[in-house]
Amino acid sequence: MYTLNDKINSFEPYKPDTAKYDIKADANESFITLPASLRMKLARAAMDLDYNIYPDCLATETCRAFAAYHNIPEAYITAGNGSDELISVITSAFLKKGDTILTFKPDFSMYAFYGSIYENSCIALEKDENFKIDVDHAINFAKEHNVNMLIFSNPCNPTGQGMERADVEKIISSLEHTLVVVDEAYMEFYSESVLDLVGQYDNLIVLKTCSKAFGLAALRLGFAVAGKKLTNVLRNVKSPYNVNSVTQAFGKIVLENRKYIDNAINDMLASRNMLYKELKKLSERFEDEIYVYPTNTNFVLVRTDLAEKIHKRLCLEGISIRHIFKNHLRISASSADNNKKIISAIAKVIAEKEN
Ligand SMILES: *Cc1c(COP(=O)(O)O)cnc(C)c1O
């Protein structure tokens, strides 16, 4: 009989909610669908693809479009099958078995997920009650424990809190012997990016994704941005044909369509502001029941002892939001209409308790 080893036996899988909902506000995806004109361009590109030929290993034209969008050198970019794949590639390639990963709690769960698969020791430093990071403590801790890789999201999923660029740079410059990975999946909603620092620090990798602000979660396209030394490694260790030709072609077209992207980001920010404002009003009406955290992302985190109840009730009404660490809810900004439905469904559950 084949026996599973201890590592895989104790492994905790990532389990997204795959049920169908009328309103999906649980995964921070964009609520904006691609305009018809852009879909036509994708359809034409799909017609012309060479389906019998392997994709371009380096996704050259897609990386070029990404470089142009951010005005950074192409030589700094590696494309991945979502930034998720890049987290896996970075963890497996740059770290040896038993090496130490430092991250924070709470932060994106995939960092520990891959750390566990590759048999690294993963330490998560607790954030304060406002989910802020003590930067000096993190730096000292990383030095004392000879941390091999420090990885965190900025702004953070699931807390929605951003760290100022000066603090991020302080971390990078203070830990020259540590690989620092800054996951900027939501940086389009905040403006403290360190993307422009990759040429200056040879221990820095910045991760970007097309799954959130760009509205392309279905395509699976992400980028690692780093100086030439690290980029050279990334390109060598990733699997050769990691980004398929359809994704390369579609990603390039969308990245070149600046107007769609700029509009989408504006609309998502407006929707996020509305969601935040309405939740805030709710928290003023029921101040003992719900606390709303400030946000630098396209979602809003709230704390409420009714979290489980609200989550269940919304599910029954065809609305999916994310229930995390017992008494928190993470709600992705959606269309104005959907935001209203979400708010009134939450208000109903809270009002019932009050009566
Ligand atoms: C959504 C998200 C990603 C994106 O992953 P993809 O694999 O590119 O879809 C990466 N990091 C964080 C923190 C996220 O929330």
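The sulfur of Cys-156 lies 14 Å from the closest cysteine sulfur, that of Cys-122, which is too far for a bond; a disulfide is taken here as a pair of cysteine sulfur atoms within 2.5 Å. Cys-210 is likewise in no disulfide, and its nearest cysteine sulfur, in Cys-63, is 10 Å away. By this rule the count of disulfides is zero. Cys-156 is buried, with a relative accessible area of 1%, and Cys-210 is buried at 0%. Buried means under 20% relative accessible area, exposed over 50%, and partly exposed in between, using a 1.4 Å probe and protein chains only.

The model is predicted, so local features need a pLDDT of at least 70 and side-chain atom pairs count only at pLDDT 80 or more, whereas totals for chains, interfaces and linings use all residues. Residues are numbered from 1 along each chain as its sequence is written, and side-chain values use heavy atoms, with hydrogens and water left out.

Helices (H or I, at least four residues) and strands (E, at least two) are DSSP runs numbered from the N terminus. In helix 7, residues 165-174, the buried residues are Val-168, Ile-171 and Ile-172. These residues lie on the same side of helix 7 because they cover an arc of only 95 degrees around the axis, the arc being that of the directions from the helix axis to the C-beta atoms. Their cover includes helix 6 (135-144), strand 5 (149-153), strand 6 (179-183) and strand 7 (204-209), where contact means heavy atoms within 4.5 Å.

Helix 6 itself packs against helix 7 at an angle of about 15 degrees, with the axes 10 Å apart. Axes are lines fitted to C-alpha atoms, for helices over the stretch in contact, and angles run from 0 to 180 degrees between N-to-C directions. On the helix 6 side, Val-135, Asp-136, Ile-139 and Lys-143 meet Asp-167, Lys-170, Ile-171 and Ser-174 of helix 7.

Another pair is formed by helix 4 (residues 82-94) and helix 5 (residues 110-117), whose axes come within 9 Å and cross at roughly 40 degrees. That angle makes helix 4 oblique to helix 5. Asp-84, Ile-87, Ser-88 and Thr-91 in helix 4 meet Met-110, Tyr-111, Tyr-114 and Gly-115 in helix 5.

Methods:
Angles under 35 degrees count as roughly parallel, over 145 as roughly antiparallel, 65 to 115 as roughly perpendicular and the rest as oblique.
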